[in-house]
Amino acid sequence: MFFNVFSLPLFASAVVAFLLVLFSWRFKEINGAKYFIFLSLAGVIYSLGYALEISTQTLWGSLFWLKIQYIGITTLPAFLILFTLSYTDRDRCITRPLLAVLFFLSLFFMVLVVTLENHEFYYQSVQLNVQSPFPVISFTKGPGYWMYIVYMGAASIFSSLLLFQMWLHSVSMYRRQIAIVLIGSLIPWGANLVYLSFINTWFLDFTPFAFTFSGILFFIGLFRYQLFNLVPIASTALFKQMSEGALVLDQHKRIVDFNLSAAKYLGLTVIDNGKLWEDVLACWPELLSEGEDLFIKNLVEVQRNKDGKLCWFELESFPLKDNSEKVIGQMLVMKEITNRKNAEKALKVSEEHYRILVENANQAIVVYQDEMHKFVNPMAVTLFGGSKEKLLSVSFLEFVHSEDREMVKNRYLKRLNGQDPPDKYNFRIIFEDGSLKWVEISAVLIEWEGNPAVLGLISDITDRKRYEEQLTYLSLHDQLTGLYNYTFFEEELNRLSKSRDYPITIIAADVDGLKFINDTMGHDRGDKLLKICAKVLKKSLRESDILARVGGDEFTVLLPRTENKKGKEIVERIRLQVVRYNKQFIHLPLSISLGIATAKNQQECLRETYKKADDLMYRSKILHGSGARSQIMSTLLAALSERDFITEGHTQRLSKLCKVMGEMMDLSSRQIIDLVLLAQVHDLGKVGIPDHILFKKGPLTEDEWEIMRQHPEKGYRIAVSSPELKEVAELILKHHERWDGNGYPLGIKGKEVPVECRILSIVDAFDAMTNDRPYQKGKSKEEAVEELRRCAGTQFDPELVEKFLSVLDWLIIDEEIDEEIEEEVS
C-alpha cells in the first residue's frame, strides 16, 4: 500500500454514499428508498474497492481489490433499474422473474471476474501498468466485459427514459426533484464512457470519481428538495370549499396547495404549484411588503386596491408541524374583512352609520357588558340561534361550551381590567339545537353607554377546525382499519423507550394468506379480512394497549407495564377470539401468526424487542402457513359447492358421465381419478367472478365475457396453492381449450389439449345444452347431439364426440331397461 492522492476523492465519494444510506434508512418505506439504499451501498463498495486498488503496488493486491469492487459494479445496474421502477411508482413491475433475471446477471458477471485467472472470457489479459504516474491495472477486454457494458448501458437508458417520462408529466415542484435524480444517475455512466474512450491513456476509471458528484446532487435532493419526504398536504373537499382562502406553503415558501377562494383572491392557477410565493404573488406588493412579519406575527391585515375599490384582507399564518413538532410548512388563511374595517371606520364617524353597517355585516358583532349581551346584530342571532330577545336576556357565557367557559370569562375580565389578553382566540359555542360550533372572536375594549364593554367580532370557523382535525387524524391513522398507522407507532416506540412504563411487551401479528385471498377472492375481500383482523385484535386488548397497523398485513401491539406472562395471556385471548370468529363466519376464515417479546427495563432496546417479536411471528407463520392456506381452500370449495344449485346438480352429472367415458376409453386409474376430480372443481375459478356476471339472465357483454374468460387462470392459481388439487391444476387451466386452437387462455389445439380436458369439454357442453341456465332454456337431447356433431372438428375432438354419443346411447338404453324393470316390479 502507498498513499495515492487520487484515492482521496474516492474515499470522499464512499463517505457521501454511506451518509446517503444512513439518511435514506429513515424513509425506507417510501417509494424508491429501499432500492436507493442498496444502490448507494453498491457505490460505496465500488469507490472503496477502487481507492484501495490504485493504492496497491502489486498485481496480486490490485486484482484482489478489483474483485471486491466488482461486488458493487455488477449490482449497480440491477439496483438502478429497481430504484427507478419503485421511484416512478411502478412497483407492480418488480416481479420475482425480473428479480431473478437481474441478480442472475449480477452473479454471472461477478463469477466471471472472481475466476478471471482461469479463463480469458472477461479479460483476455491483465497486467500492472507501471508507466502511469502510479501503478494501475491495464487489461485487454474480452467478450464478457462487452456483454456487461451492454447490460449496464441498457439499464442506464431504460432508467433515464422512465425518469424523463416522469419529469414530463410532473408539476414544476417535482420536476426539480426528478431532474436531480436523473442527472445524478447519468453522471457515473457518462464518466464510464470517458473511461472506455481512447482519450484515457492512464487506464484510470473515472466512474467511481463521478459518484462524488452524484452523491452531492443526491444530498441536495435529500436536504433541499426532500427526495423521500415530499408528502403533499391533503386536499379534501372540505378544504377546497372553505369560504376563507387557504394557501399551503412548504418550508421553502413554495406553494403546495390552495383552495378555490385563495385562487379567486390571488389569481392562482394549477401551474403555480411548486413556485415560490414571492414570484407568484408579485402582483400583490402589499402582501409581499409584510415579508417575514407575516409568519412571525401570525396575523396581518393588508390593504389592497381592487378594481378601483379599497379592500382589506386579513391573513393568518399557521405553522404545519410533523409528529416531532418540526415545522414543515405554513398555512395562510385569508378572508376579506372590508366590511369589518369599514364598520370600524364608520364607528368613529357616526353611530348611526355604524349601526347600519353592523346590521348588514357578514360577521357576528356583539357587545358584552356585565357578562350580558348588550348588542347583537342579525348575523349574531343566526350564529347563536334563537331570537334577539333571548340573546339579550341571558349571560353570554351560557352559550359557551363548559370546557371553554372559564377561559372565555377570564379573558373577558382581563380586558375589562385593562390587561392585555390575546385579541383573537377560538372557543366552542352551543347552538340552539344542542350542536357545537367553533368560533373565532376578535375582541377590543370600548365604551358603551358610559361604561367599559367588550366589542366582539365573531366568525364561524367550524369548517376550518374540522379540516385541521381531519388532517391530524389522517396523519396518525390507517384509513382502512381506523387503527393507528406506522407513523404513530414509531412515535410511541420512541416515547415509550424513554418512559418509566417498563416492562413493555410487544406483540407482532400478521394476517396469514392475505395475498392468496386477494388473488383468488378479490381485494375487497382482502380489505374486509384486514378490518375483521383489526376488530378481533382490538376486542382482545385492554384500553391502555396501543394497536397499530404497521404494514399491508402486519399489526403491532404495544403493552406498557406488562410482564411477558400477562402478554402471553393476551396472545391466547387473541387466538381464542380467532377461533370464535371462524366458527361463526366460515366463508372468510381468519388466521393470524403471532410473536411476542418483552423488554424488562430501559437497558433492553425496545426496537430490538420489536424485532424479536417480529422474528418470532414470522417463525410461527412458517410453521402453520400451509394449514391456513388449506383452511382458505376448503372455504373456496364450499363456496363453489353452494353456487352449484343454479345448474341443479351440474357437478354430479359431469362426474358420472366423465367416469363412464374414461372407463370406456380404458384410461388409467390415475387419469379417471383426475378426470372425475376435474369435473368437480373445473369451475373453481368462478368463485372470483362477480355474482352479477355469473348469475346474469341474458347474454354477457364483451367486457363481461373478458372477465368470465379469466376463471381458468384463477382456478389454476387456486389449485396450485392446494396440495389436494395440485395434480389437476394444469387440467383446470386448459379445460376451455378447443380442438381447432380457438380456445382460451393458451390457444393450444388438437392433441396438445389433454384428453381429460377434451372429454370434459364435450360432457360439459352436452350437460349445459340439455339443462336450463339463467340465460337460456335447455335443449332436447336430439338437438344437443346435432350441435355436438356440428362442432366436431372445430370445438370438439371428432373421435371423442363419436365415442361420447355411443356412451350416451348406452346410457339411454340402460335407463330404459331400468324403467321397464321398475314398471314390471310395480
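Predicted model: local features only at pLDDT ≥ 70, side-chain atom pairs only at ≥ 80, totals over all residues.

Student: Which strands stand at the edges of the open sheet of 4 strands, and why is one side of each left without a neighbour?

Tutor: The sheet is antiparallel and runs in the order β14-β15-β13-β16. A strand at either end of that order has a single partner strand, so one side of it has no neighbour in the sheet. The edge strands are therefore β14 (546-549) and β16 (592-599).

Student: Which residue of β16 stands opposite I507?

Tutor: Strand β13 covers residues 504-511 and pairs with β16 in the antiparallel sense over 8 bridges. Across this pairing, the residue opposite I507 is I596.

Student: Which helix packs on the sheet, and what angle does its direction make with that of β14?

Tutor: Helix α19 (residues 486-497) touches β13, β14 and β15. The angle between the directions of α19 and β14 is about 140 degrees.

Student: Which element gives the most residues to the largest nonpolar core?

Tutor: This core has 46 residues, and those with the most contacts inside it are I759, L788 and F804. Elements giving two or more residues to the core include α30 (755-770), α31 (781-791) and α32 (798-825). With 9 residues, the greatest contribution comes from α30.

Student: How many residues has the second, separate core?

Tutor: Helix α5 (residues 143-168) has 26 residues, and M152 and L163 are among its buried residues. The second core includes M152 and L163, together with L39 and L85, and its total is 42 residues.

Notes. Residues numbered from 1 in each chain as written. Heavy atoms only, no water. Expected span 1.5 Å × (residues − 1). Buried < 20%, exposed > 50% of the residue type's maximum accessible area, 1.4 Å probe, protein only. Pairing = 2+ DSSP bridges. Contact = heavy atoms within 4.5 Å. Axes fitted to C-alpha atoms, helices over the stretch in contact; angles between N-to-C directions. Core = buried A, V, L, I, M, F, W, Y, C linked by side-chain atoms within 4.5 Å.
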